[in-house]
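Here's a quick tour of one structure, written up as a short report. Have a look at the sequence and the model first, then read on.

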Amino acid sequence: MLDIKIQKTSSPKKKTAADQPLGFGKIFTDHMFVMDYTEGKGWHDARVEPFRNLSLSPAAMVFHYGQEMFEGLKAYRGDDGKHYVFRPDMNAMRTNNTNDRLVIPRIPVEDFVQAVKTVVKVDADWIPSAPGTSLYIRPFIIATDEFLGVAPSKTYLFIIILSPSGAYYESGLAPVGIWIEDEYVRAVKGGMGFAKTGGNYAASLIAQVKAHDEGFSQVLWLDGVERKYIEEVGAMNIFFKINGTVLTPELNGSILPGITRDSVIKLCKSWGIPVEERRISVDELLEAQANGTLEEVFGTGTAAVISPVGKLRFKDEVMTIKDGGIGELSQKLYDTVTGIQLGRIEDKFGWRVCID
Ligand code: PLP
Ligand code: COI
């Protein structure tokens, strides 16, 4: 258990009015959680302090070789007025999987969860309540040694910042258009694809810009070797409903093990819908589209929740799914996941964690 010192701000910021759109990740609360790591001493000096700029040496290792990780989860204001976070232990476990890959020291799961709950509680009055809004929680770790050699850092900062946010896509729940990328790749087996680290996102930007220029919201990545099998979207895992069965790519080491992905698989199974986690080729999708069995496509992610896909482009072909509308299963999953998060639906799986 961490001994977390709390220092409150003496000049709280003005909050955005409830009727103003928040966008995603643009506004930050009054406080942040900070903890230091020093080799030989371990993680120490856990504290909540006023949100501020950091002061780091320009030689800090994170700026040069990208030794860093991040997470993403959300806090909600329930209909009962209480405050909840969704499956924070899963983010803590994924943090340690990422840390192992990036040679960053582990953080005990219970300490990570305690840090999240503590800082969210301090800024609980920042959790928005308008439909579709929540408090996005961004934990991250950076390597801070002042050193230009390529080696694991001996010092780190673990920080959690909070951002009241609305829908990730400007379109809200409206279906998005996705560009299947056949030139660039995001990750390969043995690389960092399963880890939540900045480098994966830096590698994705060039294709995202290309997709945006062509009028698509995000990129759907293919495997890095054969460029034949579906991997995941820029900030979401991907699901297909073909002939009554829900399909999603298996966790093969090069895609992020999404927590929303895991929740959706568990929900579908609990409803008796067959789910297959396996390799899915683009050819299989094209064939399902041609014979009319491609029933729904949707992405899953903390920021994006459940995001129906209305359009998929591959080379010269544009597939329109469900006439570009929202599928029945996508809508039911959206309603159920957000219903559990907000305390409107019974939480059979024990996913909702009250922070009060
Ligand atoms: N895949 C990528 C590349 C992501 O950035 C995210 C977002 O976190 C996801 C998948 C979905 O993961 P989760 O459901 O845990 O948010
Ligand atoms: C999330 O869904 O939490 C993410 O991290 C997506 C992000 C890259 C904006």
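## Strand β8 and its partners

Strand β7 (residues 134-143) runs antiparallel to β8, and 10 bridges join the two. Strands here are DSSP E runs of at least two residues, helices are H or I runs of at least four, both numbered from the N terminus, and two strands pair if DSSP finds at least two bridges between them. Within β8, Tyr156 sits opposite Ala143.

β8 also pairs with strand β2 (residues 31-38), again antiparallel, over six bridges. Here Val34 faces Ile159 of β8. Of the 11 residues in β8 (residues 155-165), 10 are buried (under 20% relative accessible area; exposed is over 50%, partly exposed in between, with a 1.4 Å probe and protein chains only).

## Around ligand 2

What surrounds ligand 2? The residues around it include Phe24, Phe70, Tyr136, Arg138, Tyr168, Lys196, Thr302 and Ala303, where being near means a heavy atom within 4 Å.

For polar contacts (N or O pairs within 3.5 Å), a polar side-chain atom of Lys196 is 2.8 Å from a ligand 2 oxygen. A polar backbone atom of Ala303 also lies 2.8 Å from an oxygen atom of ligand 2, and for a polar backbone atom of Thr302 the distance is 3.4 Å. The protein covers 90% of the 280 Å² of accessible area that ligand 2 has on its own (Shrake-Rupley, 1.4 Å probe).

## Ground rules

This is a predicted model: local features need pLDDT of at least 70 and side-chain atom pairs 80 or more, while totals for chains, interfaces and linings use all residues. Residues are numbered from 1 along each chain as written, chains are lettered from A and ligands numbered from 1 in written order, and side-chain values use heavy atoms, without hydrogens and water.

Conventions: Polar contact = N/O pair within 3.5 Å; in protein donor to acceptor, adjacent residues only side chain to side chain.
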